[in-house]
Amino acid sequence: MISFESDYNNGAHPHVLQYLLDTNDSQSASYGYDEWSESARIKIREACRLENAGIYFLVGGTQTNATVIDSLLSQYEGVVSVDTGHINVHESGAIEASGHKVITLPSHEGKMHAEDLLTLLKKFHADPTCDHMVWPGMVYITFPTELGTIYKSFEIEEIQNICKQYNIPLFVDGARLGYGLMSDECDFDLPWLARHCDVFYIGGTKIGALCGEAVVFANNNVPKHFFSIMKQHGALLAKSRLVGVQFDALFTDNLYFNISRHAIDMAMRMRKIFSNAGFSLKDSPTNQQFIVLSNIQMERLAQYVAFETWEPIDDNNTLCRFVTNWATKESDLETLKNAISSI
């Protein structure tokens, strides 16, 4: 059965696998001090145009979010996120487990609005009893969002300016960063993003790697003892070359961006297939497509292809998510098209 359930249900891109094989017989230092991790850091700094960026390789997205957030917050502080944010919905309370509250704002098609953030911060700091409350210590956004939407550059600039005004860091969850940057609706590039946040990460798990994420501290602002905090959170691999080798491959010859663009192209073709068949779609310019199916259509289509049920629309209809990735083939879309015509 063809699966459109997620963008991490394949193995690794062939170039990544080949590089793992090519380097397999070479010995190396541990814990990120190997030659391939250092090569990957150099390439990522060049791609971001940040000569002094601090770059660390962690095992997965949840560990990365929990580690970065815990490293930047004091024990009395929380992190501000929209209510649909990944840290608030799909990480099993990992942030709260490290002792930090997720302070939520309303989601606007997955995005945070700067005016909501400003209202929250103004209200908190004007409250004479604020010392009895959890302090908003940082801001977290995802790019692209969980709903497949894209922040425009001015929207991120507005959020960043508020963070600067209140002297709190802005953290961008980039688990799907490549798919966001390569979307036709994205009006900025990686170097621009690197200049407009304090820390972000480059997703590997969902974009061609077996596992791993690359955290980038953009402003020579690596938290004190970050290495130790990584280890405490179970985010540090002793054999860290596993991630370093993969990012070294992904940032060679523009591979990371090329395979991200491929997923976008496949998603737009998928979108056209559903649209031509008369289905209602939510607006999404990324590799996540959200389709309204009747419950009967959903049950029938699930016999041919795998996808994710997202949320009920009403008693008879359900919003479903179909995801392309770096490995999606034209034949996969043809299978989907044929399946749709048979339901």
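Predicted model: local features only at pLDDT ≥ 70, side-chain atom pairs only at ≥ 80, totals over all residues.
Student: OK, how is the chain divided into domains?
Tutor: Into domain 1 (2-6 + 256-341) and domain 2 (14-253). Those bounds come from an automatic or database domain assignment. The domain centres, taken over C-alpha atoms, are 27 Å apart.

Student: And how many residues does each domain put into the contact?
Tutor: Domain 1 gives 20 residues and domain 2 gives 27 residues. Contact here means heavy atoms within 4.5 Å.

Student: What does UniProt place at residues 29-245?
Tutor: An unreviewed UniProt entry has the feature "domain: Aromatic amino acid beta-eliminating lyase/threonine aldolase" there. UniProt positions follow the numbering used here, feature names are shortened, and annotations may be inferred rather than shown by experiment. Over residues 29-245 the chain is 38% helix and 17% strand, with the end C-alpha atoms 13 Å apart. Helices (H or I, at least four residues) and strands (E, at least two) are DSSP runs, numbered from the N terminus.

Student: Let's go inside. How many residues are in the largest nonpolar core?
Tutor: It has 63 residues, and those with the most contacts inside it are Ile44, Met112, Val139, Ile159, Phe200, Ile202 and Phe247. A nonpolar core is a set of buried Ala, Val, Leu, Ile, Met, Phe, Trp, Tyr and Cys residues joined through side-chain atoms within 4.5 Å. Buried means under 20% relative accessible area, exposed over 50%, and partly exposed in between (1.4 Å probe, protein chains only).

Student: Which helix gives the largest share of this core?
Tutor: Helix H12 (residues 255-276), with 6 residues. The core lies between domain 1 and domain 2, because both give residues to it.

Student: What does Val139 touch?
Tutor: Skipping neighbours within four places in sequence, Val139 is in contact with Val80, Met112, Leu117, Ile159, Cys163, Ile168, Pro169, Leu170 and Phe171. Apart from the largest core lies another core, of 22 residues, among them Ala94, Tyr140, Val199 and Tyr201.

Student: Switching to sheets: what's the strand order in the open sheet of 4 strands?
Tutor: E9-E10-E13-E12, with antiparallel pairing. Two strands pair if DSSP finds at least two bridges between them. E9 (residues 280-281) and E10 have 2 bridges, E10 and E13 (residues 317-323) have 7, and 4 bridges join E12 to E13.

Student: Which strands stand at the edges?
Tutor: E9 and E12 (308-312); each has a single partner strand, so one side of each is left without a neighbour in the sheet. E9 and E10 form a hairpin with 6 residues between them.

Student: Is E10 (residues 288-294) enclosed or open, and why?
Tutor: Largely enclosed by the rest of the structure, because 6 of its 7 residues are buried.

Student: Which residues pair up across the strands?
Tutor: Ser280 has Val292 in E10 as its bridge partner. Val292 in turn has Leu319 in E13, and Glu311 stands opposite Leu319.

Student: How many disulfides are there?
Tutor: The structure holds 0 disulfides, a disulfide being a pair of cysteine sulfur atoms within 2.5 Å. For Cys186, the nearest cysteine sulfur is that of Cys197, 13 Å away. For Cys197, the nearest is that of Cys48, 9.0 Å away. Cys186 is buried, at 13% relative accessible area, and Cys197 is buried too, at 1%.

Student: Last topic, the backbone. Which peptide bond is cis?
Tutor: The one from Phe143 to Pro144, with omega near -5°. Pro144 is in the loop between strand E5 (135-142) and helix H7 (153-165). Most residues other than glycine have a negative phi, and most peptide bonds are trans.

Student: So where does Asn167 sit, and what's its phi?
Tutor: Asn167 has a positive phi of about 55° and lies in the loop between H7 and strand E6 (170-173). Asn167 is exposed, at 70% relative accessibility.

Student: What about Asn220?
Tutor: Phi of Asn220 is positive, near 55°, in the loop between strand E8 (213-217) and helix H10 (226-232). Asn220 is exposed, with a relative accessible area of 62%.

Definitions and conventions: Residues numbered from 1 in each chain as written. Heavy atoms only, no water.
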